[in-house]
Amino acid sequence: MGQGVLLRYKQYLPVTSQTPLISMGEGDTPLVRSRHLEAELGCAELYFKLEGCNPTGSFKDRGMVVAVAKAMEEGHSTILCASTGNTSASAAAYGAYTGIHTVVLVPKGNVAEGKLVQAIAYGARIITVQGNFDHTLSLAREMAQRFPLSLVNSVNPHRLEGQKTAAFEIADSLGEAPDYLFIPVGNAGNITAYWMGFQEYYTEGKTKRLPRMMGFQAEGAAPIVAGHLVESPVTVASAIQIGNPASWKSAERARDESGGVIDSVSDEEILDAYRMLAQREGIFCEAASAASIAGLRKQVKHGGLDLSGKVSVCIITGSGLKDPALAHEHMGSPLQESEANIDSLSRLLGLPASRSGSARV
Ligand code: F0G
């Protein structure tokens with residue numbers, strides 16, 4: 001526990017005698033049983049995998065630790081990525097940890113403040129690109145071809161190798177693979193990685209079943225659902241505002257081989273799930289992460305999916321703290337101000353004024 005994914009799952013990863021077994025304590029994230037949504041949707045068992053509990057607050061750390069270890073092994077001194085924010089935060093942290101220079105390219109104006117602040121704090125070289133994520137990723141790919149830079153986006157196979165360890169953890173915790181896995185889809189690396197992980201455990205005989213992979217894109221950024229590129233993707237969930245996913249084909253394979261679906265959810269459904277998860281389950285996640293919850297609700301309430309007798313897991317990919325502006329705009333009620341006395345405070349809370357000044361809240 002707390003030893004990191006390279007050490008814990010060494011035999012499943014591309015680890016050689018030359019690979020440095022670095023760790024910032026990534027992985028081993030909580031699998032929390034739902035107390036509200038499970039009953040609301042009539043699920044037999046529903047769990048949330050809290051990937052926001054990784055060192056930089058998102059699932060990216062699982063893959064980044066492997067990609068950076070392999071970059072060190074190969075003698076690279078600089079890593080490069082394009083990102084909607086979380087990959088860049090993770091690359092910058094592991095770059096700082098290992099003393100590797102980090103260059104991050106982010107689409108101008110479309111990255112949550114907390115993620116940008118992380119990359120700044122870790123000392124990465126940050127370049128905002130006048131284009132969307134898809135333009136930024138193709139630039140990063142070309143840069144890595146022309147110059148001696150190690151690309152640590154999920155097109156780097158080591159990233160997916162590391163990310164598949166979350167599937168192992170779920171199966172290890174439950175003692176079996178779940179029946180259904182609900183997951184947001186952006187660049188489509190993560191759904192691909194989970195499917196790899198579940199298949200490996202199944203092939204090894206560690207599990208007796210494979211989950212149905214249920215992926216969800218945001219309606220304004222749903223190329224896989226539409227079956228064509230989206231030139232100008234738009235969604236409130238900036239992490240998955242992607243119109244040309246790098247792992248498109250392998251996400252379709254995960255869907256088809258598992259008998260699952262890839263569907264879309266509206267921004268309104270995402271924001272409803274974002275609020276519900278915080279206020280009814282105590283989990284403050286990113287809007288992109290809430291897409292998996294929105295998708296689960298949509299499939300059960302409008303798609304006829306029956307989860308009674310089934311074990312389901314939703315992947316909560318990142319922490320809500322990364323985007324305070326979104327929370328201010330869409331969560332709960334505005335702040336109220338009180339004078340520094342009991343009368344003013346009790347009036348605001350609708351409590352009777354107390355003579356002794358010791359009113360209980
Ligand atoms: N959830 C969060 C919080 C993300 O940051 C991302 C992707 C996804 C879901 C989707 O995962 O791309 O593997 O399908 N973020 C990338 C980034 C694109 O640059 O941080 P995916």
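How many residues surround the ligand, and which are the closest? I looked this up first in the predicted model. I count 22 residues around the ligand, and the closest are Ser83, Gly186, Asn187, Thr317 and Gly318.

**Ligand shell**

I then asked which elements give two or more residues to the shell around the ligand. They are α4 (86-98), α9 (189-203) and α13 (287-301). I sorted the shell by class and got six nonpolar, 14 polar and two charged residues. Next I checked which domains take part. Domain 1 and domain 2 both give residues to the shell, so the ligand lies between them.

**Domains**

I noted the bounds of the division: domain 1 takes 5-58 + 159-328, and domain 2 takes 60-157. I took the distance between their centres over C-alpha atoms and found 22 Å. The contact between the domains uses 42 residues from domain 1 and 37 residues from domain 2.

On the side of domain 1 that touches domain 2, I listed the elements that give two or more residues: α1 (5-8), α7 (157-163), α8 (165-174) and α14 (324-330). The largest share of that side comes from α7, with five residues. By class, I find 17 nonpolar, 20 polar and five charged residues on this side of domain 1.

**Sheet**

I turned to the strands. Four of them form an open sheet with parallel pairing, in the order β5-β4-β3-β6. Which strands stand at the edges? They are β5 and β6 (150-151); each has a single partner strand, so one side of each is left without a neighbour in the sheet.

I followed the pairing of β4 (residues 101-107) with β5 (residues 125-129), which is parallel and runs over five bridges. I looked up two residues of this pairing. Val103 has Arg125 as its bridge partner in β5, and Val106 has Thr128 as its bridge partner there.

**Whole chain**

Last, I looked at the overall figures. The chain has 15 helices and 10 strands. Its C-alpha trace spans about 75 × 45 × 45 Å along the principal axes. I compared the radius of gyration with the value for a compact globule: for 361 residues that value would be near 21 Å, and the chain has 21 Å, which agrees.

Methods. Residues are numbered from 1 along each chain as its sequence is written. This is a predicted model: local features need pLDDT of at least 70, side-chain atom pairs count only at pLDDT 80 or more; totals for chains, interfaces and linings use all residues. Two strands pair if DSSP finds at least two bridges between them. Helices (H or I, at least four residues) and strands (E, at least two) are DSSP runs, numbered from the N terminus. Domain bounds come from an automatic or database domain assignment. Two residues are in contact if their C-beta atoms, placed from the backbone, lie within 7 Å. Ala, Val, Leu, Ile, Met, Phe, Trp, Tyr, Cys and Pro count as nonpolar, Asp, Glu, Lys and Arg as charged, and the others, Gly among them, as polar. A residue is near a molecule or strand if its C-beta atom, placed from the backbone, lies within 6 Å of it. The radius of gyration is taken over C-alpha atoms; the globule rule is 2.2 Å times the number of residues to the power 0.38.
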